[in-house]
Amino acid sequence: MTFTLPDLPFETDALEPFMDKETVEIHHTKHHAGYTTKLNAALEAEGINDVNLETEIFPQIMQMPRAIQTNAGQFWNHSFFWESLAPTGQEPSESVMNKLTESFGGYDGFVSEFTEKAGGVFGSGWAWLCKKQDGSLCVVQTLNHLNPLMDSFTKEHGVMTPLLVIDVWEHAYYLKYQNRRPEFIAAFLKIVNWEKVEQRLG
Ligand code: MN
C-alpha cells in the first residue's frame, strides 16, 4: 500500500485572512505532497507495504530507517494539522470548554499555554494539545518531524492522545507573517476545528 496526499477538508482560500491561500496551496501541494512521495519511496526501499503508521510505525519509530522516521512523521503530522483547521466561526462546545477549564483554568488559560508552547519551539516543530491518560489536557512541543505517538515521545512523557496541532515550521507562516510567529499563532486560534477536537477527545 502506498500513502496518498489527503485532500484538504476545505477550499484553499477558506481560511483567509488568518491563513492565506498561497501558503495553504504551497504547504499542501509542495511540502505535504513531498513528504508523501518520500514516505512511499522510503517504505518501498525497505519492502514495507500495507502498514499502519499509528499502530505499527510510530510505536517503534526509533528502530526505523531515518527516511521513514522523518517522512512518516511529516506525512501524518500534516494530515492531522489540516484536520485541526476549519473556516472561522467555530467555538469550543460546552464539554470541550469544561475540559479546557479543568486543565487550564479556562479558555484564556489554554490560549496562554498554547501560545507560550508554540512560540517557544526553537527552530522547526509542532505544538500539540493532548489528552493524558488521567483525562487531563496539556500542551506539548515536538521538534522537526516528531509527534506524541512516537516511542521517542511516549518513553519520556507517557502515552497521550493528540487533539490539536499547530505547525510552527517557518514554511507554515513565512509568506504572510515573516518572522512574526506570535501573530500566526493568534491567527491559528481563530480557525481551530473545535468539532474535530471534541471527536478526538472521544
Ligand atoms: Mn508544514
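## A walk from a helical pair to a manganese site

Because K155 and D151 sit four residues apart in helix α6 (residues 151-157), about one helical turn separates them. Helices here (H or I, at least four residues) and strands (E, at least two) are DSSP runs, numbered from the N terminus. An α-helix has 3.6 residues a turn, so residues three or four places apart point the same way. K155 and D151 form a salt bridge, with their closest N and O atoms 3.9 Å apart; the term means a side-chain nitrogen of Lys or Arg within 4 Å of a carboxyl oxygen of Asp or Glu. K155 counts as exposed at 65% relative accessibility, whereas D151 counts as buried at 5%. Buried means under 20% relative accessible area, exposed over 50%, and partly exposed in between (1.4 Å probe, protein chains only).

Before we go on, a word about what you are looking at. This is a predicted model, in which local features need pLDDT of at least 70 and side-chain atom pairs count only at pLDDT 80 or more, while totals for chains, interfaces and linings use all residues. Residues are numbered from 1 along each chain as its sequence is written, and side-chain values use heavy atoms, leaving out hydrogens and water.

The whole structure holds five salt bridges. Another of them joins E83 and R200, whose closest N and O atoms are 3.5 Å apart. This pair links distant parts of the chain, with E83 in helix α3 and R200 in helix α9 (residues 194-201), 117 residues apart. E83 is partly exposed, with a relative accessible area of 37%, and R200 is buried, at 14%. R180 and E183 also meet in a salt bridge, 3.0 Å from N to O. R180 is partly exposed at 32% relative accessibility, and E183 is partly exposed at 40%.

Now let us follow helix α3, which runs over residues 66-83.

Which residues are the protein donors of the manganese ion? They are H27 (NE2), H78 (NE2), D167 (OD) and H171 (NE2), lying 1.9 to 2.1 Å from the ion. Donors are N, O and S atoms within 2.8 Å of the metal (3.2 Å for Na, K and Ca); water is not among the atoms, so sites may look incomplete. Along the sequence, the donor residues are spaced H-x50-H-x88-D-x3-H. Distant parts of the chain are linked here: H78 is in helix α3 and D167 in strand β3 (residues 160-167), 89 residues apart. Both H78 and D167 are buried.

Our next stop is K99, in helix α4 (residues 94-104). K99 is buried yet has no salt bridge, and the nearest side chain of opposite charge, E102, is 4.1 Å away. For charge, Lys and Arg count as positive and Asp and Glu as negative; His and the chain ends are not counted. A polar atom of the K99 side chain does lie 2.6 Å from the backbone oxygen of G135.

Finally, look at G119 in helix α5 (residues 107-119). G119 is partly exposed, with a relative accessible area of 41%. Between G119 and R181 there are 6.6 Å in space, C-alpha to C-alpha, although the two are 62 residues apart in sequence.

How values were computed
A polar contact is a pair of N or O atoms within 3.5 Å; within protein, one must be able to donate a hydrogen and the other to accept it, and residues adjacent in sequence count only if both atoms are side-chain atoms. The expected span of a helix is 1.5 Å times one less than its number of residues.
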